[in-house]
Amino acid sequence: MERDQCHPLLREGGRETKYSHGFSSSELEALTGMCEAFIPPLPLNNSPDIVGKDGKTKEAIQSFYKSSGAQYPNPDKVAELVVKRGFMEAVMLVRILLIILSTRLGTLLLCGALCFGKKWPYINKFSDIPVDNREKVIQKWLKHKFLTPIRLPFVLIKFLCLYAFFTQVWEDFKNPAWEAMDYQVDNRKDSSTTPHEKPLMKGMVETTHETESTIVSSLVQKGLRVAEDPKEKLYKIKCDVVIVGSGCGGGVAAAVLAKSGQKVVVIEKGNYFTKTDYSSLEGPSMNELYESGGILATLDGKLLMLAGSTVGGGSAVNWSACLKTPMSVLQEWAKDCQIPLFTSSQYVSAMDTVSQRIGVTEKCSEEGFQNQILRQGCEKLGLEVESVPRNSSENHYCGSCNYGCRTGDKKGTDSTWLVDAVDCGAVIITGCKAEKFVLEKNKYGRSRKSKCLGVIAKCLNGDITKRICIEAKVTISACGSLLTPPLMISSGLTNQHIGRNLHLHPVLMAWGYFPESDSVLKGKIYEGGIITSVHKVGSDDSGVRALIESPALGPGSFAALRPWESGLETKKRILKYARTAHLFSMIRDRGSGEVRAEGRISYTFDATDKENITAGLRQALMILVAAGAVEVGTLQSNGQKFKCKGTSERELEEFLDEVTAAEGPKSLVQNWTTYFSAHQMGSCRMGKSEKVSAVDENGESWEAEDLFVCDASVLPGAVGVNPMITIQSTAFCLSNKIAEILKERKFSD
């Protein structure tokens with residue numbers, strides 16, 4: 001792979017030298033001891049006899065077994081992740097734990113007799129305890145069901161230590177453990193001979209490359225009217241429409257409105273990358289392309305979320321699934337929520353238009369390892385399995401599109417709708433984060449008490465100190481279900497439904513190990529299209545209970561999410577990475593959550609949700625068994641697993657009966673689990689009145705005239721399938737309506 005072509009932000013290599021975590025040397029010493037216990041150096045006689053199999057070498061395995069979490073990444077890296085990605089409360093808990101473990105008395109309180117030594121002073125600090133005893137301490141606290149404030153920092157450090165260890169890359173852009181794991185970074189690239197193009201650059205201002213002295217001229221060169229206000233420390237820009245966000249909602253809205261003749265400005269806090277910029281390196285890609293670096297959890301730590309944070313938003317990093325909104329959902333939204341749009345010919349036509357623009361294909365010419373397993377397992381059980389349409393060609397065989405598509409085959413908004421917008425004169429300003437909408441009292445006596453005049457944003461580049469005020473006839477929030485509500489609330493809007501009714505399509509994962517020597521299925525889990533097949537659980541008169549699909553899991557995510565039982569067990573499992581297939585159970589959730597401040601997300605499960613996700617998880621395990629797995633399991637904290645060979649159907653049934661949707665790590669239970677979400681919807685839902693919704697049927701705020709929402713947050717509820725087509729189709733309809741409103745309303749210059 002020609003790493004020198006990749007964008008510098010996506011090709012991290014070597015050790016960081018500057019850190020801002022603020023941990024003391026004694027805290028770092030305790031943290032180092034913990035990292036070494038999670039990933040301990042092991043004697044070679046523990047090395048499994050798999051040398052020469054699955055592409056592994058004796059030297060690679062021996063090196064991996066000798067490696068330690070105290071060696072790399074250094075504890076400073078883990079501490080930095082704690083501070084950058086953890087909640088304030090979580091950071092406090094971690095630091096308190098480390099301070100306690102950095103003293104002999106504190107270590108005695110938490111470790112008991114395991115800290116006793118044979119020499120004076122007889123009581124050791126945590127870092128001085130033998131590694132095997134440190135392991136026992138961690139095992140104890142990860143299972144402790146009463147003092148969860150102590151368990152939680154152990155859980156967080158475990159996750160970040162393993163994630164950092166397996167995503168760190170050196171100057172050669174490799175990780176020492178990858179060879180032992182039989183992992184190779186995707187080296188494919190666009191085979192075309194055409195020069196590298198960045199189709200959005202003719203309409204883009206990248207503030208990361210600008211300074212206070214250049215920003216104005218760069219904006220003017222793109223055709224914008226810019227005035228400087230030294231008193232208010234603002235750059236003022238005038239346009240017809242300003243859109244916050246460039247994903248599935250914002251990208252579509254930008255194209256529709258620019259084509260209608262409006263001068264459109266899109267602001268995006270992320271950066272712009274194209275196919276030759278992408279590296280497929282998990283660590284830097286997650287850090288740069290996802291919200292909170294891909295490490296974003298609910299406040300109780302029960303649920304981890306993925307949300308795109310780059311030009312193109314989620315469409316640039318999603319798994320390509322293009323499923324149309326189910327008819328039953330459309331009828332529910334039209335009847336129960338009284339929104340006729342969803343059963344109109346306009347919406348049906350919009351789904352077709354969207355599918356055509358992003359190049360949706362119905363078939364896959366060659367399926368990857370995990371999707372082969374899903375299909376084969378279903379066929380052996382007599383279950384129906386369907387092909388999943390994708391916004392790529394039929395022969396698109398990419399397992400790393402979640403880090404950006406290196407071939408350019410996947411068609412996100414960054415290569416479709418936004419190109420259309422720029423071709424019609426739209427301007428995109430990157431590295432620019434919206435802070436608040438500009439609202440004033442409505443002078444015209446209309447039903448809405450306020451009028452929106454635009455948005456104030458800041459450049460994330462520290463060289464530009466002045467804010468940017470973009471004045472527009474219409475302002476559209478399209479920064480997603482996790483960020484639109486906090487932005488509206490911080491602007492002074494008070495509708496009770498803003499930030500509530502958040503749906504997440506919760507997911508639980510099952511895994512199955514398929515040794516290459518024992519299976520006719522070839523390939524590795526990181527190869528091939530991510531989602532090309534789907535099985536619907538319980539698709540009868542009672543409706544679909546869950547969907548079973550396959551995920552993308554890089555080495556760091558795989559290691560961090562697996563239950564930790566011991567250092568030896570962890571290393572043995574890691575060596576099986578390439579042939580450990582995962583399937584997930586995803587539900588259309590009835591439960592909901594709330595997000596009223598950025599990054600502060602809560603979520604409550606409905607009892608039926610847990611029943612449905614459990615049914616899907618059990619079915620996923622059965623599919624893995626039927627496909628030929630020698631061992632299957634879940635990600636429950638106790639390492640819940642079942643060896644398939646030499647066991648009876650009754651034993652399998654007994655195991656499946658024990659599989660449930662467990663509580664999270666904060667709950668007072670011994671065995672807990674982690675849920676996942678890649679879809680966020682409904683947190684500013686549309687409706688017939690302000691009593692039941694945050695915006696009206698056109699996406700316009702009930703409180704502020706000319707302020708619209710055009711992203712997944714306007715959806716009335718959970719979709720129940722991968723929502724990209726639903727979001728873009730809804731955005732297409734709403735933005736066409738906004739174009740009509742712009743023609744009807746009178747605006748003063």
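A nonpolar core is a set of buried Ala, Val, Leu, Ile, Met, Phe, Trp, Tyr and Cys residues joined through side-chain atoms within 4.5 Å; buried means under 20% relative accessible area, with a 1.4 Å probe and protein chains only. The model on screen is predicted, so local features need pLDDT of at least 70 and side-chain atom pairs count only at pLDDT 80 or more, whereas totals for chains, interfaces and linings use all residues. Residues are numbered from 1 along each chain as its sequence is written, and side-chain values use heavy atoms, with hydrogens and water left out.

**The core**

Select Met34, Ile267, Ile470 and Ile476: these residues have the most contacts inside the largest nonpolar core, which has 239 residues. Next, colour helix H7 (residues 148-167), which gives the most to this core, with 12 residues. Helices here are DSSP runs of H or I, at least four residues long, numbered from the N terminus.

Centre the view on Ile267. Beyond its neighbours within four places in sequence, Ile267 is in contact (heavy atoms within 4.5 Å) with residues including Ile243, Val244, Ile429, Cys432, Val455 and Ile470.

Among the residues making the contact are Leu93, Leu97 and Leu101 of H4 and Ile150, Phe154 and Ile157 of H7.

**Aromatic pairs**

The structure holds 20 aromatic pairs, defined by ring centres within 6.5 Å for Phe, Tyr and Trp (its six-membered ring); planes under 30 degrees apart count as stacked, over 60 as edge-to-face and the rest as tilted. Select Phe38 and Trp564, an edge-to-face pair at 5.2 Å centre to centre, with 80° between the planes. Phe38 lies in helix H1 and Trp564 in the loop between helices H18 and H19, so the pair ties together parts 526 residues apart in sequence. Phe38 is buried at 1% relative accessibility, as is Trp564 at 6%.

Move to Trp417 and Phe732, a tilted pair at 6.1 Å centre to centre, with 50° between the planes. Trp417 belongs to helix H16 and Phe732 to helix H22, so this pair ties together parts 315 residues apart in sequence.

Finally, select Trp178, Tyr183, Tyr526, Phe558 and Tyr577, which ring pairs link into a cluster.

Terms used. Buried means under 20% relative accessible area, exposed over 50%, partly exposed in between (1.4 Å probe, protein chains only). Helices (H or I, at least four residues) and strands (E, at least two) are DSSP runs, numbered from the N terminus.
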